[in-house]
Amino acid sequence: MRLKALALAAAAAALTATPALAQYTDGGIKIGVMNDQSGLYADLSGQGSVWAARRAIADYCKTTKCHDKIEVVFADHQNKPDVGSTTVRQWFDVDNVDVVVDVPTSSVALAVHNIVREKNKVMLNSGAASSDLTGKACSPNTVHWTYDTWALANGTGNAIVKTGGDTWFFLTADYAFGHALERDTAAVVEKSGGKVVGKVRHPFPGQDFSSFLLQAQQSKAKIIGLANAGGDTTNSIKQAAEFGIVQGGQKLAGLLVFITDVHALSLQTAQGLILTEAWYWDQTDANRAFSADFEKANKGNKPTMVQAGVYSAVYHYLKAVHELKADGDGAAVVAKMKSMPTEDALFGKGQIRADGRKIHDMYLFEVKAPKESKGAWDYYKLRATIPAAEAFRPMDQGDCPLVKK
Amino acid sequence: MDKSAAIVTESLVKDFKGFRAVDNVDLTVRRGTIHALIGPNGARKTTCFNLITKFLQPTSGRIYLNGEDITRLAPASVARLGLVRSFQISATFPHLTLLENVRIALQRQLGTSFHFWRSETSLDALNARAIEILHDVGLGGSENLVAAELPYGRKRVLEIATTLALEPEVMLLDEPMAGMGREDIGRISQLIRKAAKSRTVLMVEHNLSVVADLSDTITVLARGRVIAEGPYAAVSQNPQVIEAYMGTTDTESGAALRGAHG
Amino acid sequence: MKNYDMPIFAALIAILLVAPLAIYPVFLMKVLCFALFALAFNLLIGYVGLLSFGHAMFFGFAAYVSAYTVKAWGWPTEIGILAGTGVAAVLGLIAGLIAIRRQGIYFAMVTLALAQMVFFFCLQAKFTGGEDGIQAVPRRPVLGFIDITSDIHFYYLVLAIFAAGFLIIYRTIHSPFGQVLKAIRENEPRAISLGYHVDRYKLLAFVLSATLAGLAGATKAIVFQLASLTDVTWQMSGEVVLMTLVGGMGTVFGPIAGAAVIITMQNYLAGFGEWVLVIQGVIFVITVLLFRRGIVGEIAALATRLTRGRGEAGHIAGNPATTS
Amino acid sequence: MFELIGVPPQALFGQLLLGLINGAFYALLSLGLAVIFGMLNVINFAHGAQYMMGAFGAWMMLTYLGIPYWGALLLVPIVIGALGILLERLFLARLYHLDHLYGLLLTFGLALIFEGLFRRQYGSSGLPYTNPIPGGTNLGFMFLPWYRGWVIIVSIVVCLATWFMIEKTKLGSYLRAATENPTLVRAFGINVPRMMTLTYGFGVGLAALAGVLAAPIYSVNPIMGSNLIIVVFAVVVIGGMGSIMGSILTGFGLGIIEGLTKVFYPEASNTVIFVIMAIVLMIRPAGLFGTPR
């Protein structure tokens with residue numbers, strides 16, 4: 001009897017003692033930044049995200065005594081799910097990576113997301129858009145940080161209708177992602193009292209959009225919603241300018257447009273475009289300071305919301321891991337992250353919901369006309385702030401199995 | 001139409017992009033004979049060959065093999081009916097051994113040519129016959145050499161051996177003596193004569209002494225038309241033929257014609 | 001001439017049996033799948049002299065079929081792989097009937113365009129999951145008792161599939177049918193004149209090649225639990241050409257060496273981003289200009305030179321494309 | 001007002017015109033491919049990359065040298081064409097004695113190198129290029145930007161001039177003869193290798209010209225060529241490889257067909273060209289204007 005009690009006590013001690021000792025796998029924390037280093041999304045994630053992750057470590061370790069071995073590795077997933085999944089398996093099985101960060105392109109993100117869960121590691125997603133990551137595919141190992149399709153659709157759809165843009169025509173990329181963006185936005189538009197007067201599904205990837213733009217023009221809709229991404233979006237905006245769509249009184253609403261796209265288009269072409277972002281470099285002093293350093297290290301570019309999100313996510317991750325003093329159990333780390341409020345220089349205060357969704361304000365911007373711009377990268381004027389509570393899909397509508405109804 | 005003939009062509013015509021290459025050629029090759037097709041350069045002899053063997057599709061006209069209409073058949077089907085040709089330049093399978101070259105021809109009879117799951121050792125049953133054929137043409141003992149290593153004359157011999165392996169009823173030889181030395185010419189002449197004992201031969205040949213020596217009947221083509229036909233002695237006297245040959249710069253043939261004549 | 005192919009193959013399998021001790025098995029599985037893909041491709045370019053620039057359609061489409069049947073319909077793994085392989089065979093027959101009538105560059109262009117049609121079909125069809133592909137394909141026990149959730153178990157199964165694929169190809173090359181293929185490659189008009197309907201032989205070779213490419217793709221889909229658009233893009237077709245070219249077209253082991261080299265390179269250069277593309281391009285150019293026989297072809301040529309001490313060794317590799 | 005299958009006729013005119021403009025790009029690019037293929041028997045897989053370099057060339061001239069669009073229109077094709085000449089001399093010329101497939105493989109490798117280098121240097125989001133002729137005119141049935149009108153004029157003029165040069169002039173007859181029988185033409189005292197070099201340079205120059213034309217209306221990015229080249233390959237296959245007039249007519253024709261598809265069944269507008277290709281190949285394996293071989 002006494003023996004048994006002793007054994008129990010020992011076991012209990014061992015259990016409680018384990019987290020007390022620093023239990024870092026492989027003697028340190030290894031952060032893997034995986035994104036597009038060479039393709040369409042290289043500018044909005046790419047090396048900039050790697051820089052942001054390193055910067056987060058430096059900033060965190062400035063204020064707190066942190067573990068002395070924190071390493072950043074990175075890989076190019078080339079926007080191919082199979083490349084991403086191979087790399088991430090090897091990271092976990094061979095290279096002892098503890099957390100995967102960024103992962104733009106929804107198809108790759110979903111593939112990585114599944115493996116992260118299988119191997120009980122952590123994914124901090126900043127770059128991918130799919131709201132499924134915290135919806136029906138949600139996982140106890142994933143945090144979705146910066147934005148998602150629902151937030152973009154809601155921000156752009158809702159706020160535009162409220163400011164008078166109540167008739168819509170959609171230019172939709174004909175694949176799952178485009179359909180989802182169109183469906184979500186159309187729902188928001190109709191809920192806010194607007195009307196969808198037409199839509200056209202263009203092949204993906206497209207080159208010439210003039211024909212579709214002409215159809216949009218003839219629809220007389222006030223707003224032309226661009227439910228596409230990347231090169232398709234920039235090409236449609238460029239050709240819309242050529243065909244005098246904006247001068248003709250119609251407005252373009254980009255449902256997935258980043259500041260790097262606006263930069264690529266120039267203000268002359270992109271002026272008047274309305275879009276939703278989670279973060280803009282010229283909003284606060286902290287943002288501007290961060291961006292100034294970023295610019296020096298990254299070919300003169302300003303950071304995108306994706307790169308800022310990587311900074312913020314890594315910062316919070318380090319906080320949670322140091323609190324736990326362990327990084328081996330991915331689900332436990334994520335649970336810890338959810339239990340702590342988030343706070344950092346770029347995204348301010350916020351929180352992570354049970355479904356893995358990080359919550360913060362979103363912003364509706366309009367692209368300035370060239371004469372309004374005061375200098376390089378001065379591209380946006382704020383049209384509306386969407387408060388955190390309304391910016392993201394309510395948890396009970398996401399069908400996430402982690403959320404008890 | 002002559003039913004006893006091996007090959008008959010009726011008003012054979014071939015047009016290329018608006019110009020008439022072969023113009024109403026009527027040809028009858030009697031069974032069991034050696035028939036030569038001659039003519040100066042540009043007479044379209046090879047074009048006729050290609051038409052008869054169906055490597056080219058005639059624009060109009062008919063072709064019969066043993067009285068059977070083969071105008072619409074694929075070239076491989078024509079070969080399967082026993083009409084096998086050779087080519088102007090030597091046509092061996094250069095990186096296969098002599099044995100394999102001949103065996104390719106024999107292999108078809110086995111009916112296993114589509115059997116990708118069967119080992120190639122199943123073809124060894126044909127080796128004895130292949131070696132025998134090689135021996136008959138004077139290539140015995142070198143069956144394991146690669147065809148590319150043979151001198152030119154021997155390649156032509158190998159080609160004839162491969163053709164003979166099919167036991168064709170009709171052989172079409174396209175310039176079998178082209179580029180041959182004197183010694184090889186003699187050997188191949190003998191070979192053709194031997195082969196022709198049990199079959200029909202139609203050949204295109206520039207070397208008129210060979211033609212004179214071997215052939216039973218000669219058809220002379222010029223610019224895609226038949227200008228004369230008959231035994232050598234008659235044809236070589238034909239003024240039209242002499243003019244056709246003399247009228248060209250083809251001095252070699254011209255000289256050959258005179259030489260054979262005199 | 002003495003043939004060392006089988007002893008080399010046995011040694012290769014022996015090495016592969018112990019390889020997981022030193023090398024990450026998932027990486028090895030990837031190499032094996034692509035090696036099989038390249039071997040299938042090589043059957044066509046190396047032994048029939050036909051350059052297909054659209055082989056990704058068989059590889060990628062088979063991957064979709066096996067992933068879908070296993071995931072959505074709950075088919076057993078082995079049946080899913082067979083289904084993918086079978087569909088690739090049918091696709092091969094259709095594509096072959098259209099493409100086989102052309103030769104050389106024309107054939108390459110036609111296969112490229114056909115593959116592009118398959119790509120657009122996969123992009124639009126509902127069952128392929130569009131951009132996301134078919135994800136999280138379950139790894140169910142094979143034949144009901146071989147557990148493949150463990151990478152190492154699955155590795156040996158993939159090795160078995162690879163070995164079977166290799167042996168099928170090897171036997172095809174060394175069969176009565178293979179003899180006719182060689183004859184067609186060496187001298188097509190002559191093969192016709194000997195009574196062979198060469199188009200039918202080419203078609204069968206095309207279908208066989210497509211089927212085995214499909215087997216590789218179907219297996220890959222289960223290995224990575226994923227089938228995606230990447231596998232049906234024309235860039236994938238280009239990649240298999242690169243592997244075969246680098247390894248040695250028309251050599252028995254060349255495609256395996258080429259696949260190993262290219263996959264390893266992609267793996268280690270992954271951190272270099274856009275340089276991967278440049279380096280692949282440079283390899284293409286250098287191989288085409290200087291080492292047309294490829295790795296294995298050059299080694300074979302060297303060996304021949306050493307043993308024979310004379311002569312042009314280029315024929316040994318049997319590279320058909322060097323003779324125009 | 002009557003409608004045609006639910007589409008007002010004015011809209012249809014507009015779409016036809018837009019299709020024709022897109023066809024102008026197809027025609028220019030496939031013409032370059034056809035010229036190169038006809039003379040060198042090489043499928044120039046780098047054509048898309050060279051088109052991309054044309055667009056980048058225009059951007060570089062403007063950004064680094066201050067040369068405006070009109071200068072670039074003339075200079076870029078010359079510069080890129082000269083680069084083509086260099087490539088031909090350094091690499092392609094070494095492969096003529098081999099199977100033509102090696103030319104395809106080599107140019108494929110070159111395409112990868114160019115695309116990779118430009119991605120390395122300029123990223124992939126694309127670069128801005130201002131429309132040199134902004135504005136347009138209302139045709140009643142549609143708004144036609146001046147620039148699109150300019151594109152179609154340039155394309156038609158260049159296509160016809162090329163066709164005229166190859167089919168109707170002495171130089172062209174040498175070119176065609178050299179394709180048929182290089183030895184014979186060499187015997188006439190004509191430098192065949194130089195002719196091949198210049199032909200390649202010319203074809204590449206055409207691709208670069210199309211690139212400059214595209215810069216103001218399409219996104220200037222390193223992958224713009226690889227997206228387009230496969231479609232252009234299909235155009236060339238349908239037209240019949242090596243046929244000059246075939247590639248021009250098919251280019252414009254397919255542009256129009258694609259334009260119509262965008263109205264009636266937009267989802268299929270990328271696929272329609274490949275469907276047409278499959279049908280054409282089944283009926284005429286050599287393409288619409290090709291000679292069987």
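Biologist: Is A:Ser312 buried or exposed?
Modeller: This is a predicted model, in which local features need pLDDT of at least 70 and side-chain atom pairs count only at pLDDT 80 or more, while totals for chains, interfaces and linings use all residues. Residues are numbered from 1 along each chain as its sequence is written, chains are lettered from A and ligands numbered from 1 in the order in which they are written, and side-chain values use heavy atoms, with hydrogens and water left out. Buried means under 20% relative accessible area, exposed over 50%, and partly exposed in between (1.4 Å probe, protein chains only). The relative accessible area of A:Ser312 is 0%, so this residue is buried.

Biologist: Which side chain is joined to that of A:Ser312 by a polar contact?
Modeller: A polar contact is a pair of N or O atoms within 3.5 Å; within protein, one must be able to donate a hydrogen and the other to accept it, and residues adjacent in sequence count only if both atoms are side-chain atoms. A:Ser312 lies in helix 12 (residues 305–324) of chain A; helices (H or I, at least four residues) and strands (E, at least two) are DSSP runs, numbered from the N terminus. Beyond its neighbours within four places in sequence, A:Ser312 is in contact (heavy atoms within 4.5 Å) with A:Trp145, A:Asp344 and A:Phe347. The polar contact, at 3.0 Å, is with the side chain of A:Trp145.

Biologist: Which chains have the most contacts between them?
Modeller: Five pairs of chains touch. Chains A and B do not touch, and their nearest C-alpha atoms are 34 Å apart. The most contacts are between chains C and D.

Biologist: What area do chain C and chain D bury between them?
Modeller: Buried area is the accessible area (1.4 Å probe) that two parts lose on being put together, summed over both. Here 41 residues of chain C are in contact with 43 residues of chain D. Carbon and sulfur atoms carry 79% of the buried area, and the total is about 4,100 Å².

Biologist: Which helix supplies the largest share of the side of chain C that touches chain D?
Modeller: Helix 5 (104–124), helix 10 (234–247) and helix 12 (275–290) of chain C each give two or more residues to that side. The largest share, 12 residues, comes from helix 5.

Biologist: How many residue pairs are in polar contact across the interface of chain B and chain C?
Modeller: This contact takes 39 residues from chain B and 27 residues from chain C. The rule finds zero salt bridges there, a salt bridge being a side-chain nitrogen of Lys or Arg within 4 Å of a carboxyl oxygen of Asp or Glu. With both residues at pLDDT 80 or more, the number of pairs in polar contact is 15.
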